[in-house]
Amino acid sequence: MHAITVQDRDAGLAGMTLTDMPYPQAGENDVVVRVHAAGFTPGELDWPGTWADHAGRDRTPSVPGHELSGVVVELGYGTTGLSVGQRVFGLADWRRNGTLAQYTAVEARNLAPLAADIDHTTAAALPISGLTAWQALFDHGRLTTGQTVLIHGAAGGVGSIAVQLAREAGARVIGTGRSRDRDLALALGAHTFLDLQNDTLEDADQVDVVLDVIGGDILDRSTALVRPGGTLVTIAAPPKIQPKDGRAVFFVVEPDRARLTDLAARVRDGRLKLNIGTVRPLAEAPSTYAPTTARTPGRTIIRVTED
């Protein structure tokens, strides 16, 4: 089968190549999925799991990508809950070969059934961003109706979904980003928008929850915005500073079949809109993510197999 692989950690994105790889073997409780569309996060080339397995052994050449939508073609021993021919979407394991491939083996529990009226490109853009937004706001941030949330990167993959979920939950939403992101963030439901290049972050005053996807100085400065009893949630890096009389949480998204099903239902009925930008074939993945490539707004999705 064809797959995108990486084998030189120092090469970064420039080390991504289109390669012939063996067809994957379905382990116990696995399924093999014919991948129709896949998501890839460039930052995952810095993750230890991209280069080593669960025992810490080198596993290169490895296939990156952890979001997928496709069709089940094989069941591993003991697998239940899914069937051959079923449309599915979800997350691949962090320390196994991923989704930038024609076929991939995935734990069945990491996948959810995909309705026929959601296309694979849309579904592939949902798992990491959707689950991260939900878990950040409600599982870790404990956001409730009437509270105020500050969402950094409000027009990005995670932020754009978080804005919509928080607004639907009855929270007051403050979004941040670049000036070009203002219109989209407001259209998605943010009540207020702060341009991080030209506005003063501290003008946001105190909030109940901060969702950070940026890290660095923005993460540090956001700590002071958390009111007593509030929570700073970040996916960028463990916070160096704790909010006064509040909590700080760093987390990595976890698979959740039931939540994926709920998020997909929101997409189907129009309550949740995904910001998808460029769609490229598998062979163009290395050049699509190359450092010299001009970025377009929205998530970039790799089309592996035609629907």
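**Reading the fold and its details**

Tutor: Let us begin with contacts. In this predicted model, residues 24 or more positions apart account for 63% of the contacts with a separation of 6 or more.

Student: How many helices and strands does the protein have?

Tutor: The protein contains seven helices and 15 strands. Its radius of gyration is 19 Å, close to the 19 Å that the globule rule gives for 307 residues, so the protein is as compact as a globular protein of that length. The C-alpha trace spans about 55 × 40 × 35 Å along its principal axes.

Student: What percentage of the residues is buried?

Tutor: A residue is called buried when its relative accessible area is under 20%. Of the 307 residues in the protein, 51% are buried. The protein exposes about 13400 Å², and carbon and sulfur atoms supply 48% of that area.

Student: Why does Thr300 count as buried?

Tutor: The value to compare with the cut-off is its relative accessibility. Thr300 counts as buried because its relative accessibility is 16%, and the cut-off is under 20%. Thr300 belongs to strand E15, which covers residues 299–303. Leaving aside neighbours within four places in sequence, Thr300 is in contact with Thr278, Thr288 and Tyr289.

Student: Let us turn to the backbone. Which residues does a cis peptide bond join?

Tutor: The angle to read is omega. For the cis peptide bond between Thr60 and Pro61, omega is about 0 degrees. Pro61 is located in the loop between strand E3 (30–39) and strand E4 (67–75).

Student: What is the phi of Asn29, and where does this residue lie?

Tutor: Phi of Asn29 is near 65 degrees, a positive value in a residue other than glycine. Asn29 is found in the loop between strand E2 (17–20) and E3. With a relative accessibility of 37%, Asn29 counts as partly exposed.

Student: Is Asp245 buried or exposed, and what is its phi?

Tutor: Asp245 is exposed, its relative accessible area being 56%, and the cut-off for exposed is over 50%. Although Asp245 is not a glycine, its phi is positive, at about 60 degrees. The loop between strand E12 (226–234) and strand E13 (247–250) holds Asp245.

Note on methods:
Residues are numbered from 1 along each chain as its sequence is written. This is a predicted model: local features need pLDDT of at least 70, side-chain atom pairs count only at pLDDT 80 or more; totals for chains, interfaces and linings use all residues. Side-chain values use heavy atoms; hydrogens and water are left out. Helices (H or I, at least four residues) and strands (E, at least two) are DSSP runs, numbered from the N terminus. The radius of gyration is taken over C-alpha atoms; the globule rule is 2.2 Å times the number of residues to the power 0.38. Buried means under 20% relative accessible area, exposed over 50%, partly exposed in between (1.4 Å probe, protein chains only). Contact means heavy atoms within 4.5 Å. Accessible areas come from the Shrake-Rupley method with a 1.4 Å probe; for residues, only the protein chains shown count as cover.
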